[in-house]
Amino acid sequence: MNTIRLAVDGVNKIYAGQATRVVAVEDASAAFAEGSVTAIMGPSGSGKTTLLSILGLILKPSNGRVTLMGRDVTDLDEARLPELRRQHIGFIFQSFNLFSALSALENVLVALQLKKVARPEAEAAARSALSRVGLEQRMRFYPRDLSGGEKQRVSIARALATNAPIILADEPTANLDSHTGLAIIDLLAELAREQGRTVVVVTHDTRMQEHVDHTLRMEDGRVYEN
Amino acid sequence: MTYPVPMARRNLFHERVRLAITLVGIAFSVVLILVQMGVYLGMMNNTSSIIDHTEADLWVTARNNSNFDFSLPFPEHRENTAKGVEDVLWVKKFILVWSLMKLDGGGSENVEIVGFDPETGIGGPWEMVAGDPRDVKYPKGVIVDESSFAKLGVAKVGDDREIYGSRVRVVGICRGAKRITTAPILFTSYKTAQELNPWMAGKTVFLLVKTAPGADVAEVQQRLRAVMNLEDVYTQADFAWATKKYWTLSTGIGLGFGFTILMAIFVGAVIVSQTIYSATIEHLREFGTLKALGAENRTVYGIILQQALLSGLMGYAIGLAINLVISDLYRRTGQLVVQPWQLFAADLVVTLATCVAASLISVRRAMQVDPMEVFRA
């Protein structure tokens, strides 16, 4: 069995207002191993993105435990989380979330800059990542000049370049046509198999199931093994 | 390729219309501050120019005189009292009196007549265009400052004019003695100044005191105060300051300039804060993404602050260039514009501080960014 890199155990996320109480995630437990691709599926509002935010150390759970690289990070101080995200987690977003004022190459470099990678290594890693996703001819292009599929590839290259062992993707194919979406799915699956990355994908895309190792279903904040 | 990637600079230049609006706002503020301060300092320079150019350590005036231009006379025999004080090297009588000059084409003009000692030239004009300060020894000889030409008509050496029925002869033209009162200024001998204004007989307006070499000016000032208990005794710097203070605080000048300068800072701050804030709102998702990628809060704030500082620097540079043109136009109209390097440095500090303060609202907004923002479609 491969090493577990990321896990949640009995996690809840409750949003409590003055008159309302919304349970976004309820008693969720899951583990994500090295070299695996896991899809989290479920209807809108089922808590998928909230769970992904907890896995990405962006959101703190109301209770339960989160383990990253074998270390319990649940109660870590907020100030220490950015370092963990930089070192261990790469994100891929549904809306790509590229920096509009930066070229494709610079968008990737920013992630390396945050990790304080020196210039020669950063440039080599960024170029290599962009080449890996087939954008070697588009490095100088700005997001406005790239297609949706190309933007998502830049987003993937950004996650790749930092060598983050864990990649969390939120609806990576939602804004893409079916052909481009399939290519992105293949790419993410390859990353897991060839490079041993742990890939967790929140998706509505049922085609994803053919390419993943595990599928978790979510409904009303609860997680079910498929 | 620039590395580290200059996000702040890229963000600024990515939205050029917004950048242009920001820079116009800052440059407007910079120009207003520099020109208004330059004109104000020029006016204040005028108020004290005669004091500053007079070789005297101490100024004796009638009691409670707070400025150079409207000082009352006192008996000139008080000169003897001053001369008797220990460590006083010399004492010179010195007059500033308002008078009326008849114009060639009819009508008359108020003039300020300065009466100084022509033997030593102390208190006289310091920059001559024609003639010599000692020429005022010529009977009823006067030296006209060229700034007076606009009101008195162009004068040349040898011209005759009339003051209170007495003919005076122009014996010289000087430069740089323009008064804040805008009244034309004439230099003449102490004796002529008294003759032209009969009520000044036996009176002086100031006593100029030079202390002995090595003497402590403050101590001599105290000794003078002790014996000249009907007059005030100022050091040169204090009298210059008192005159500037009078014109700044006792007239509307200080308030007017101060208000304009405050408005310039305020308008600059509003434009910068508005444009940086709207830019921050548009980049909130990007700032959220940066945080998701592992950026600390200070990195995000750093980008916002850098944008503000870069805007401030560029706006300042543009404002500086425009200021050079406008100041030159002012000078061509005869207005003295004084802009020492300290003014430029202070305006740079004010501009950058304003930009940083204006960006704090944006920093506050960025702090409140919902972490889930990055996942919104």
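Analyst: What follows looks at one helix packing and its contact. The model is predicted, so local features need pLDDT of at least 70 and side-chain atom pairs count only at pLDDT 80 or more, while totals for chains, interfaces and linings use all residues. Residues are numbered from 1 along each chain as its sequence is written, chains are lettered from A and ligands numbered from 1 in the order in which they are written, and side-chain values use heavy atoms, with hydrogens and water left out.

Helix α1 of chain B covers residues 7-14, and its partner, helix α10 of chain B, covers residues 297-332. Helices here are DSSP runs (H or I, at least four residues), numbered from the N terminus. The axes of α1(B) and α10(B) are 8 Å apart, at an angle of about 60°. Axes are lines fitted to C-alpha atoms over the stretch in contact, and angles run from 0 to 180 degrees between N-to-C directions. Because of that angle, α1(B) is oblique to α10(B). Under 35 degrees counts as roughly parallel, over 145 as roughly antiparallel, 65 to 115 as roughly perpendicular, and the rest as oblique.

On the α1(B) side, the contact is made by Met7(B), Ala8(B), Arg9(B), Asn11(B), Leu12(B) and Phe13(B). α10(B) contributes Ile303(B), Gln306(B), Gln307(B), Leu310(B), Ser311(B) and Met314(B). Contact means heavy atoms within 4.5 Å. By class, this contact has seven nonpolar, four polar and one charged residues. Ala, Val, Leu, Ile, Met, Phe, Trp, Tyr, Cys and Pro count as nonpolar, Asp, Glu, Lys and Arg as charged, and the others, Gly among them, as polar.

The crossing of α1(B) past α10(B) is right-handed. Right-handed means that the near helix is turned clockwise from the far one by less than a right angle, and left-handed that it is turned anticlockwise.

Note on methods. Helix = DSSP H or I, 4+ residues; strand = E, 2+ residues; numbered from the N terminus.
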